[in-house]
Amino acid sequence: MSQNKPLTLYGQPESLAPNPIKVAIVLEELGLEYNVMPIDIRKDEQRSAEYLEVNPNGRTPALVDHSNGNFTIWKYHINHMGRRESDAILLYLVERYDPEHKLSVAEGDDKFTLIQWLFFQASGQGPYFGQGFWFKYLDPDPEKLTSAIGRYQQEVLRVFGVLDGVLSKQEWLVGGKPTIADLSFVTLTTLPSWTAQRWNTAALNFVLKDLQDLDVEKQFPSFYRWHQRLCARPAVSRLLAVQAESVKVIWGDG
């Protein structure tokens, strides 16, 4: 593989999976050049012997830093929808490549607050949104799983509520500015264009779509405005648009 750029991202940022695009967003926010090595999970390429040499756990994404002795950091698996964790990759990127703290924080307490939100994303938003999406949309017989679906719907609303409560008092999660803490949520918040914009949007269009009288913009206004600000960032907007077009080709407009 050509290593003409200092970093290689294994995965498909344009695919439906939320984690490769999350890493790509941070790479582009930091202005870092990177190769993309596509790993098509629809073809089980993440289980190939070649990729298992990169990530022995067989999940995407993984990141190789050629400027740091080919140091490799990768996502491990927590559940069927696999949400842990590309956040470790985000931490590595800002630790090594963000000396000006464009997407990170400098103060000690703020650092721990940032890590707190990454843990919340990885253990709260990711698994619950992912499992809700799975049981509601991908399971072959969702009608037999009404209790599971109901549980994950309530957890999605709880996560919205946690974020909304904090964001009603401040514009961003930590440091008074957008950081990887905020960006870690955005791709589990939006789903590609055939459903709008990603996981928080995926939650609305799939996991929560049959809940009556739900109006996220009115019931969680601070969360909603925060999400819109994140989606309007150039790197986020551009990569979501690329992803949306790719997913449309694969899945159609329906």
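Author: First, the rule. Rings of Phe, Tyr and Trp (its six-membered ring) pair if their centres lie within 6.5 Å; planes under 30 degrees apart are stacked, over 60 edge-to-face, and the rest tilted. This is a predicted model: local features need pLDDT of at least 70, side-chain atom pairs pLDDT 80 or more, while totals for chains, interfaces and linings use all residues. Residues are numbered from 1 along each chain, and side-chain values use heavy atoms, without hydrogens or water.

Reader: How many aromatic pairs in the whole structure?

Author: Nine. In one of them, Trp117 and Phe185 have ring centres 6.4 Å apart and planes at 70 degrees, so that pair is edge-to-face.

Reader: Where do Trp117 and Phe185 lie?

Author: Trp117 is in helix 4 (residues 108-138) and Phe185 in helix 6 (residues 180-186), so the pair ties together parts 68 residues apart in sequence. Helices here are DSSP runs of H or I, at least four residues, numbered from the N terminus.

Reader: Is Phe185 buried or exposed?

Author: Buried, at 0% relative accessible area. Buried means under 20%, with a 1.4 Å probe and protein chains only. Trp117 is buried too, at 7%.

Reader: What about Phe120 and Phe185?

Author: They form a tilted pair, 6.2 Å centre to centre, with 45 degrees between the planes. Phe120 is in helix 4 and Phe185 in helix 6, 65 residues apart. Phe120 counts as buried, at 16%.

Reader: Which residues form the aromatic cluster?

Author: Trp117, Phe120, Phe160, Phe185, Phe220, Phe223 and Trp226.

Reader: New topic. What lies over the face of Trp172?

Author: Arg229, at 4.8 Å from the ring centre. The cut-offs: NZ of Lys or CZ of Arg within 6 Å of the ring centre and within 35 degrees of the ring normal.

Note on methods: Helix = DSSP H or I, 4+ residues; strand = E, 2+ residues; numbered from the N terminus. Buried < 20%, exposed > 50% of the residue type's maximum accessible area, 1.4 Å probe, protein only.
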